Structures are given as C-alpha cells and as structure tokens.
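This briefing goes through the structure shown below, topic by topic. Keep the sequence at hand while reading.

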Amino acid sequence: MPLSLTEESYLNVSLSQRPPCRPDGRNHLQFRPIDAAAGILPTTNGSARIRLDDGGECIVGVKAEVIAVSRGSEVISVEVDCDIVGLPANSPLQNLLCATLETAIKNSLPLRLLRITNKYRYKIFVDGIILDHVSHPLTLFSMTTYLALLDTRLPRLAPDSAGRDNDDKDDIGIPQFSSDWDDADRLCQNWSPPLVQLGIIVGKNVFVDATGEEAEVSDGGLLTVWHDGRVVGLRVVKTRDSSKQVFSVSSISNAVEVLANASRDIEKALKGIITY
Amino acid sequence: MASRLEIFSPEGLRIDGRRWNEVRHFRCAINTHPVSSDGSAIIEQGNTKVICNVIGPVEPTLRSRVVPDRVSISVKVVIAPFSTIDRRKRSQNDSRMQEMCSSIQHVFEDAVIAHLFPRSQIDVNLYVVAQDGGVMQACINATTLALIDAGVPMYDYVCACTAGMLDREVLLDLNRIEESDMPFLTMATIGSKRKVALLQLEMKVQFDRLEPMMAASMSGCHHIRDLMDNEVRKHGKSRLERGSL
C-alpha cells in the first residue's frame, strides 16, 4: 500500500536524523533475523534456502555441467538465472539481479576451479526462485547464492582415469568421475564467492536490509560487491520511481564503508552455517 | 526389456526395493510459511518435493476474476530449473504446465465448498523444487494440505496417486525411471470413498488392464489420505496445546 504524504515525510525525517531512528528500532547495520539452510536439495551440486522475517524467501540451486572447450579459450561459463514469483520473465528487477550476480561471479571465479582436463571444463548454473519478497530481493538473492556456492561440491575424477602427470590428462577422452559423492571437492575451498549488498541512502545515513517502507522514502540505493575482504564493485540502484541517481562523492564513500562493514559480518555469519 | 535396469524383478521387487503395492517414502508438513501466505505445505514423495502456498480467500485483484456465486481458484506451478537431473529451463507458458495447472484448478473447484465465498479468489502457488516422478500427484496432495491450513472448507481430502502397468503387473506410485518405462495413470480421489476427482492417462494401455490400475491407485490414494490426515491432526493438536488456535 502506498504511503501517504504525511507518513512519507515522518519516515523520511526520522530516518535522516542523526542518530537515525528506524521504525522497528534497529540500528543502521542491523539485519532482521534470517532463517538459512544449506544442502537441502539432493538433485543439485549445492543448494540453499534463506527466509526473511517479513516472509521473503529464496531457494537457490547450483548445478554443474561438463562442457568441451576449444583449446585456449579462457571464458568462464557461469549462468545466473532467477524466477521472481509474481513478476513476468525478463522484468527489470530480474535482469538486475541476474546480471549483477553473474558479472560478480564471473569476475571473481578463477578458471582453474572449473578445469577438469584440458579438454573439458565445468559450466556452473546458478538458478534461484524468489518465492516471495516484500523488500528489495537483491540482498536476499545474493546471500542465498553465496550460501549455495559455499555448499557446492564438484565430483573428482575417478582415480584410475586420471593420468599420473598433467600431460597424460590431455589424452583421456570423456572424463570418468568418482562415484563416491563424499569424495567430491568443495568449489569454495580456496575461493570465496562474491557477496552483493544493497544499502539505501537517506540524507546522510545509510541503512542495510531496508524494509519496503524504508526503501520507499529513500533518496536512492547503492549496491556493493564484496569479494575477498574488500569492495570490488558498486552501482547506484533505483529504489523507487523518483529516486535520485546522482550522489556526492562523500555520501557514496560513506555508504561503501558502511556496506563493507555489513558484508564482513554477513560473510562471517553465512560461513558459520556450513561446516566443512 | 531394452533397458539395462530391472524394473520389476522376478522376486517381486522394484528398482528401489519396494513391492508392487507400496508407496514411496511420504513426508509432509503444514503451516511451513506462516508469514508469507495464509496456508502452506511441503510434500515429499520419494525424491519429489513440492512447496505449496495458498493466499486467500481474498477480494479479487482483478474485476475479471469476480464470480458472483462462487470462489475463483487460480493455480500457478513453478518448476525450478534445478529440479531435474539435467538442468532444464522451462518457460511459464509451457503447454504441459498450463494443462497441469488447469486440471489441478478444476479438481479443486469441485472439492472446495465454493458457494461459501462468493466474489472472492484463492491463489495457489506451487513450487516444484525436486522431481523424481509423480509431480502431478505431489502438487495435488500439497494443494490439499495448504488449503486445509488456510482454513478453506472442503468436502474431504483430495489425494492423488499414480499407478503403472508393466506387462501384467500393476505398480503403485512410480518414480521417474519407472514412469519412463511403462504406461501410467494419475488418479485423484475425494475422501475415503470411491469418488474419483481426476483421472489422467496419456499413454496407450489395453482396456482390460485399466481397471486393475485404477483399483491400485485408488488404494494408494486412500493410504496417502490416512498419512495426510495423521499429519493434519498432529499439527492441529500441537497448535491447540500451544494455545494458538
């Protein structure tokens, strides 16, 4: 339901105060409680489900496919796709979610993790369903994808099919995989997936995990891509139709700093869910 | 047999070790998404897993959905691309899926006591997150439980089950491998009597073999009804003890 002018101005004033006052009493870096689970789907290489307090829910499944590569091609094959229930396919929101995550994963994933032999490589499919969302689903989708990628395991080559040294691997035809699933390698053993975080800017304040009403009165949103302990990408996002697209350098750098702190905490929390 | 798998061994065991008249492992839960919907359920039948959310009865969002004397039900099925062994992306307009939606809708239009909610709508959203045969039956069973959770009055449980015919042997509740190997039908019954709400058979089968298949799936439906009824009663009891009714 749209906010009335009075409600909007009340919310805007209370959010732009210093210190800010959020309607639910959280501080600007505080998330609402989430309910997360990993490894829930047996037909996938990795899967996760996250449910927010407001009913928003996302399920992500990661599947790996073996593809043949031509010699010398260095393209990382990752495809991110998501279904947002209630929105038609190819809606702007869906495109934003998929494109952001796909670029972030492609830019951070080292090619050697997907290598099987010189001729074959994995292609990673990340598919999500957003069952319901009240607030902006980007953070939700990103967190679920992060968790699903942490959970992802890729099967090892069968011991007898792999050659002694690397040159022999070139000669074997179609790779034969070990049938023992417990023997599979974690995709994220030496790599940590990117985490996209959306913050809203109201006046001089930045908030994470904004509710729908908070986003409705914000000046605009900023998304940051967090990877390997630092922010590697950012983008200004519209949070409502009339949202600002231009921000001063100081407010952006302030927002980046706030979101970096939030991402660090979330990364730690999500990593605690998966036990190696 | 062309396939190298033995679908039904001479000892009377199927590939997953069941007898001919045994249903797969059945697990269900209701009221799983209390915040985002009015009624919700999760069903697992073997490796098939379906989540169902029901929203309603509410005032229709579109004028075109107003029916003056009864409730209008709409069913939407989302099949996750990762639900099958090989990843496959389906569009929402896939004709098979639309057919499935409309047959589930017809079943529940008759099962719900529709005249109690004139000029209102019920939205049923089904999410298939893992499939291993019997998607249709799992969707129908999940919808029944979610509607019960939403408090929508129905005449009785609607339960569905598949049965297939291999040569002269009837097999109950097929998995994906069995489904691809033999003709099978999906049947939905209302209540524990012999009332059929849906019968779907898309393959050729000899006429005299139809009756044993129907009899088998009828008994499967009744068995599933008991399992679902146990879960609903268990859930109701725990809600009562918590004092949240």
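How many residues does the contact take from chain B and from chain A? The contact takes 19 residues from chain B and 20 residues from chain A. The model is a predicted one, and the predictor gives the complex an ipTM of 0.87 and a pTM of 0.90.

**Contact between the chains**

- On the side of chain B that touches chain A, strand E5 (residues 121–130) of chain B gives the most, with 4 residues.
- Sorted by class, this side of chain B has 9 nonpolar, 8 polar and 2 charged residues.

**Confidence in chain B**

- The average pLDDT of chain B is 91, and 98% of the residues score at least 70.
- In chain B, confidence is highest in helix H2 (residues 135–150), at a mean of 96, and lowest in helix H3 (residues 176–179), at 92.

**Chain A as a whole**

- Chain A has 6 helices and 11 strands.
- Along the principal axes, the C-alpha atoms of chain A fill a box of roughly 70 × 35 × 35 Å.
- Chain A has 276 residues, of which 39% count as buried.
- Among the contacts in chain A with a separation of 6 or more, 69% are between residues 24 or more positions apart.

**The two domains of chain A**

- Chain A is divided into domain 1, residues 31–189, and domain 2, residues 194–276.
- The C-alpha centres of domain 1 and domain 2 of chain A are 23 Å apart.
- In chain A, 22 residues of domain 1 are in contact with 22 residues of domain 2.
- Strand E1 (34–38), helix H2 (92–108) and helix H3 (138–151) of chain A each give two or more residues to the side of domain 1 that touches domain 2.
- H3(A) gives the most to that side of domain 1, with 8 residues.
- By class, the side of domain 1 of chain A that touches domain 2 has 12 nonpolar, 6 polar and 4 charged residues.

**An open sheet in chain A**

- Five strands of chain A form an open sheet in the order E1-E2-E3-E5-E4, with mixed pairing.
- E1 and strand E4 (78–84) of chain A are the edge strands, and each pairs on one side only.
- On average, neighbouring strands of this sheet are turned by 15° against each other, direction ignored.
- E1(A) and strand E2 (residues 46–52) of chain A run antiparallel and are joined by 5 bridges.
- Within this pair, A:Asp35 has A:Arg51 in E2(A) as its bridge partner.
- H2(A) packs on the sheet and touches E4 and strand E5 (120–132) of chain A, and the direction of H2(A) makes about 155° with that of E4(A).
- H3(A) lies across E1, E2, strand E3 (57–68), E4 and E5 of chain A, and runs at about 150° to E2(A).

- In chain A, strand E10 (residues 220–227) and strand E11 (residues 230–237) run antiparallel and are joined by 7 bridges.
- A:Leu222 stands opposite A:Val236 in E11(A).
- E10(A) and E11(A) form a hairpin with 2 residues between them.
- In chain B, strand E8 (residues 184–190) and strand E9 (residues 196–201) run antiparallel and are joined by 5 bridges.
- B:Thr186 has B:Gln200 in E9(B) as its bridge partner.
- E8(B) and E9(B) form a hairpin with 5 residues between them, and B:Gly191 in the turn has a positive phi of about 75°.

**Backbone exceptions**

- Most residues other than glycine have a negative phi, and most peptide bonds are trans.
- A:Asp228 is not a glycine, yet its phi is positive, near 60°.
- Is A:Asp228 buried or exposed? A:Asp228 counts as exposed because it has 9 C-beta neighbours inside 10 Å, and a residue with 12 or fewer is exposed.
- B:Asn31, also not a glycine, has a positive phi of about 60°, and lies in the loop between strand E1 (26–30) and strand E2 (39–45) of chain B.
- B:Asn31 counts as buried because it has 20 C-beta neighbours inside 10 Å.
- The peptide bond from A:Arg18 to A:Pro19 is cis, with omega near -5°, and A:Pro19 is in the loop between helix H1 (5–16) and E1 of chain A.
- The peptide bond from B:Gly56 to B:Pro57 is cis, with omega near 0°, and B:Pro57 is in strand E3 (residues 48–58) of chain B.

Terms used. Residues are numbered from 1 along each chain as its sequence is written. Chains are lettered from A and ligands numbered from 1 in the order in which they are written. This is a predicted model: local features need pLDDT of at least 70, side-chain atom pairs count only at pLDDT 80 or more; totals for chains, interfaces and linings use all residues. pLDDT is the predictor's confidence in each residue, from 0 to 100. Two strands pair if DSSP finds at least two bridges between them. Domain bounds come from an automatic or database domain assignment. Two residues are in contact if their C-beta atoms, placed from the backbone, lie within 7 Å. Ala, Val, Leu, Ile, Met, Phe, Trp, Tyr, Cys and Pro count as nonpolar, Asp, Glu, Lys and Arg as charged, and the others, Gly among them, as polar. Axes are lines fitted to C-alpha atoms, for helices over the stretch in contact, and angles run from 0 to 180 degrees between N-to-C directions.
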